[in-house]
Amino acid sequence: MNMPTEPAVLMQAEGQTSSVASDPTLRDRLIEAGILIDTGENGLYGRSEVFEDVVDRLNKVITLLGADQSAEVLRFPPAMRRHDFEDSEYLKSFPDLAGTIHAFQGNDRGHHRLLEALDKTLAVGDQERSDEWMDQQKPTRLVLTPAACYPVYPLIARRGKLAEEGAIVDVFAYCFRHEPSIDPGRMQMFRMREYIRVGSPAQVMAFRQKWIERGSALVRLLQLPFEIDLANDPFFGRGGKIVADSQREQQLKFELLVPVATPNKLTACLSFNYHMEHFGEIWNIQQTDDSLAHTACVGFGMERTTLALFRHHGLDVTKWPEAVRTFLWGDAAPMIADALARTGTNA
Ligand code: AMP
Ligand code: ZN
């Protein structure tokens, strides 16, 4: 079995110091240029045509990159069953990031109270508003999806035992995380494209290694400077540091990091996760021999990668490097075939 890339191995493209630095002015420049649209809430943006065009094109090259995977393409809305979310143990690790969906489910009296409370809220004008009207809102059976792969595991489990070759699924969804920030790379709603592997430990580890190499090949074709390193997830609470240390020690998660906007810090644009039998156990996903399935996923942060392109190649996409333009707007297939042949991870 191939072991993951050594932590912190520098895989930076050649470049001058300025091109590998983050840029704290990026958010303002993107808003000024109309590429991102400020909604008045940190981490919630509108996207312009040019931003969406880059996201679409990235999405297409990711499809080409995974064309040999015969992945089952599934698309879910940005919400999932609360039941499945409760089972997932997300609340153990990231209670502060989760978003729930509430709705009014009362009667006429409740409606009256809601409107009264809303009047009070509106009366304060533009000042910080009270959320009293929300006392009338009750939880629905849905929550916002925290990561695009979450709806997949219970679905695979419901289908019964895995086939010998396991399963590969391709998803793409808006995700929610309650982490309002001025950093444009830290949004509250953003898209993740993912490939998910379910199978034996060997199948899953080989998949992750393959995607560390392929993700690196993609970012090289985008001509972005990057590093691969072990992740440092923000697990909640006093025990959080211990969980994060253990995640690092077991090399469960690698990230591909690019200087984007955060000052003095790189931003994770892709992540490569090995969950061991965590999800297999929660949902009882079984392999043909009855043992628990292992899972892994590769996540492409669509907004972060797009922001990285604007950061490094400029706000005018017509002036991006010729090879990057050909890759995104021209015929990417031969470039990908060539890159895959070089990584030795073609089918
Ligand atoms: P994670 O599950 O935290 O590894 O996230 C998967 C990918 O989603 C990351 O590699 C990022 O590219 C992207 N991502 C995570 N959090 C955010 C966020 N707050 N804003 C934008 N992109 C994010
Ligand atoms: Zn995932």
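Me: In this predicted model, a residue is buried if 20 or more other C-beta atoms lie within 10 Å of its own, exposed if 12 or fewer, and partly exposed in between. How does G314 count?
Reply: G314 sits in the loop that runs between α10 and α11 (322-329). Inside 10 Å it has 13 C-beta neighbours, and because that number falls between the two cut-offs, G314 counts as partly exposed.

Me: Which element gives the most to the shell around ligand 1?
Reply: Ligand 1 is surrounded by 16 residues, and the closest are M187, F190, S271, G299 and G301. Two or more residues each come from β8 (189-199), β11 (266-276), β12 (294-301) and α10 (302-313). With four residues in the shell, the element that gives the most is β11.

Me: How many residues of the shell around ligand 1 are charged?
Reply: Sorted by class, the shell around ligand 1 holds seven nonpolar and four polar residues. The number of charged residues in this shell is five.

Me: What distance separates the centres of domain 1 and domain 2?
Reply: The domain assignment gives domain 1 as 7-99 + 146-343 and domain 2 as 105-142. Taken over C-alpha atoms, the distance between the two centres is 37 Å.

Definitions and conventions:
Residues numbered from 1 in each chain as written. Chains lettered and ligands numbered in written order. Predicted model: local features only at pLDDT ≥ 70, side-chain atom pairs only at ≥ 80, totals over all residues. Near = placed C-beta within 6 Å. Nonpolar A, V, L, I, M, F, W, Y, C, P; charged D, E, K, R; others polar. Domains from an automatic or database assignment.
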